[in-house]
Amino acid sequence: MRELKRRMIVGNEESGGFKAITTCYGIIGFVRFLEPYYMLLITKRKKVGEICGHTVYGIAESQMIAIPHPSIQSKVAKSEAELRYKKLLSVVDLSKNFYFSYTYHLMYSLQKNIGNTERGNPHDNTMFVWNSFLTREIRKILQNSIWTVALIYGFFQQTKCSVSGEKFVFTIIARRSRHYAGTRYLRRGVNDIGRVANDVETEQIVSKVVPAGQKIPITSVVQVRGSIPLFWSQEASVFNPQPEIILNKKDANYEATQHHFQNLRQRYGNRIIILNLLKTVTGEKKHRETILRGEFAKTIRFINKGMDREHRLKAIHFDLSKHYKKGADGAFNHLCIFSRKSLELTDLFYCKAPSGVGAEEVIYDSFFNNPIPSQDEEASSPEKEDMKADIFLLQNGVLRTNCIDCLDRTNFAQYAHGLVSLGHQLRTLGISGPPVVDLNNPLAIELMDAYQKMGNTLAMQYGGSEAHSKMFCDLRGNWNMVMRQRDIFTAVRRYYSNAYQDSDKQNAINVFLGHFRPRLGRPALWELDSDQHNIGRSGSNLDIENMRPLIRRSFSDNIIMDCDLNLEELVRENSQPTYEGLNGGVSGTNLEFPFYETEPASLSFLSVMRNEELMRETGSGQMFQGSSSNSDSHRPNDIPGFSHSYVTKFTPAEDIFERGSSKSVSSDNLFTDRDESVTSLTNTNSSFEFPIMGGSDLLPGFSNAFARWVFSARAW
């Protein structure tokens, strides 16, 4: 390569020679606005982890380079509109939360990678690859993806753990879907083909550390979050922090919702469990979430009517806010019970895989364009037999969690599922510990920190601020005035972002994903109203896959589903005994789905969660000793944990990589760039500072009078 480069320089000396532009670690893709093409490059990368021996990187720095020489560009290339589009695209910060691997299909779960379930598919065009549009043309021309990298957007954190001599690694990956992607109030609900807003797949991988040459015991559990799959919206308002919730489209057959759940079955298996955390009538003063809760329950009932038991949606409707007010421990215990029963239905993925497993599939599919060998051809080679994974368990189904935004409450519930899953994963790997979880439990706290960081990152991407931390703080027992002020500022920051910044952010996402494609002679993106470029009115040049019908609002839209759905009757209709639903083992009544909690106003309502049954099932005692909850709580008997007497050590993987990079050059660095490793950018701690009362500048950018009103008034 160096010799070829030298000859090219010498051969072109008379015409001015070559000029080094940058060091490139991958081509993100190509984009065109009004005239020239631009190439997007990764100029600095950071190693953030490894999966089965495959290195995972995050983008540290990127660069956009114009392809045509300035001497042949017309005035359009320097026009105000062209410069504005370039600035708009830069709103998508590629140095934050974008990840890739050269040898591992990071857009797929571990089960799909090792199980070869996606063999031969166009990997770079799947729902979690965010630069699919940017690489589409070059992949089409070259008939391969040698020259580009596939980027996922979301969250990645890997931690190496040592617990009383047992060493293992846990990894949290969040993959955000590029379908119907956008910001909080500009992307709500579902579109016509079943894509939902804020659609994120979370995978928790736990692998045991073994000597080199041995197959790696490794497990994974996948769960998802996503907006309520109905046609609904909220209009961001400068004057109203909590806009009205509007049901927009009455679809008698709920076709879009059915498309959504069909897609989940295709991706994860037949057993779809829904954990709906929306508020009940008694949980809110003004009917907002209640409208969606009732309609969602009605939709699930309609979809289940014509299905056999194996394919029915299994729904848990649980008002987390209401139960949380009675005590964080009790609410968390309920979530852990739901998670345990969900895992009994879906199971987890477990295998023993050699280091580097799956790399040959990347090479076959992307590098040499060779035909993929059959299973018989693979088995005929002893070397390839040694490279195959031994699969013992498969996950069949998924837990889908939602609240109104799929941010704060959803993240709290996903941590509960992650904690229960961790116990199952460790036992599967043969790593045992007493089933005790308290405030001094280092493993549970470490996992909580990881889920909080993930929640903050996902909330920043969709909502414009970090996630609210009150539930986690209450669980830890460290809720205080400082944390209260932080949560108030989180609300202010989210409100400000939604009201003033989301429109530009949505426009940038639409351009990056190819939903809007600028053309000369057509209206510019900023000249269109919100319905045209964000929802999909006919006449705009949006990707048809992400179009959504024009929203029609009327006063009648607000008068929907107040009390016309009799939940008591619905539960009684589904009260035949069954041993397959989540409620089997939670309650002596053993009701089939859907599950609804008791409403105080309905004395005859069949309660699935009875106190005495819950006590028998879980035993009493606090989840975390010393927490701030005032209520008695119960501890599920299978929640993992290691008591504080265990010797523990946790090391973020990226810290190890950074220390290692200062001693030697990574063998996988083709360009031997010693300055490649940079300070991690996956730290999701916000730079937004929270001043203490009494300072001269209480809230930067706002008057002190406004800041005092924020402190003293009720948080939104």
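## Loop residues with positive phi

Asp347 counts as partly exposed because its relative accessibility is 31%, where buried means under 20% relative accessible area, exposed means over 50%, and partly exposed lies in between, computed with a 1.4 Å probe on protein chains only. This is a predicted model, in which local features need pLDDT of at least 70 and side-chain atom pairs count only at pLDDT 80 or more, while totals for chains, interfaces and linings use all residues. Residues are numbered from 1 along each chain as its sequence is written, and side-chain values use heavy atoms, with hydrogens and water left out.

Asp347 sits in the loop between α8 (328-346) and β13 (349-353), helices (H or I, at least four residues) and strands (E, at least two) being DSSP runs numbered from the N terminus. Although Asp347 is not a glycine, its phi is positive, at about 65°. Most residues other than glycine have a negative phi. Cys52, likewise a residue other than glycine, has a positive phi near 50°, and its place is the loop between β2 (37-51) and β3 (54-66). With a relative accessibility of 7%, Cys52 counts as buried.

## Helix α4 and its buried side

In helix α4 (residues 132-142), the buried residues are Ser132, Leu134, Thr135, Ile138 and Arg139. They lie on the same side of α4, because they cover an arc of only 135° around the axis, the arc being that of the directions from the helix axis to the C-beta atoms. An α-helix has 3.6 residues a turn, so residues three or four places apart point the same way. Just after α4, Gln143 takes a positive phi of about 60°.

## Packing of α5 against α6

Helix α5 (residues 255-268) packs on helix α6 (residues 289-305) at an angle of about 70°, with the axes 11 Å apart; axes are lines fitted to C-alpha atoms, for helices over the stretch in contact, and angles run from 0 to 180 degrees between N-to-C directions. That makes α5 roughly perpendicular to α6, since angles under 35 degrees count as roughly parallel, over 145 as roughly antiparallel, 65 to 115 as roughly perpendicular and the rest as oblique.

From α5, Thr257, Gln258 and Phe261 meet Phe296, Thr299, Phe302 and Ile303 of α6, contact meaning heavy atoms within 4.5 Å. The residues of this contact of α5 with α6 divide into four nonpolar, three polar and no charged, with Ala, Val, Leu, Ile, Met, Phe, Trp, Tyr, Cys and Pro counted as nonpolar, Asp, Glu, Lys and Arg as charged, and the others, Gly among them, as polar.

## Packing around α12

The axes of α8 and helix α12 (residues 408-428) come within 8 Å and cross at roughly 55°, which makes α8 oblique to α12. The residues in the contact of α8 with α12 comprise ten nonpolar, five polar and one charged.

On helix α13 (residues 442-463), α12 packs at an angle of about 140°, with the axes 10 Å apart, and α12 is therefore oblique to α13. Residues of α12 in this contact include Asn411, Tyr415 and Leu426, and those of α13 include Leu443, Tyr451 and Gly455. By class, the contact of α12 with α13 has ten nonpolar, five polar and no charged residues.

## Cys473 in α14

Cys473 belongs to helix α14 (residues 470-476) and is buried, with a relative accessible area of 2%. The C-alpha atoms of Cys473 and Ala328 are separated by 9.3 Å, although the two residues are 145 residues apart along the chain.
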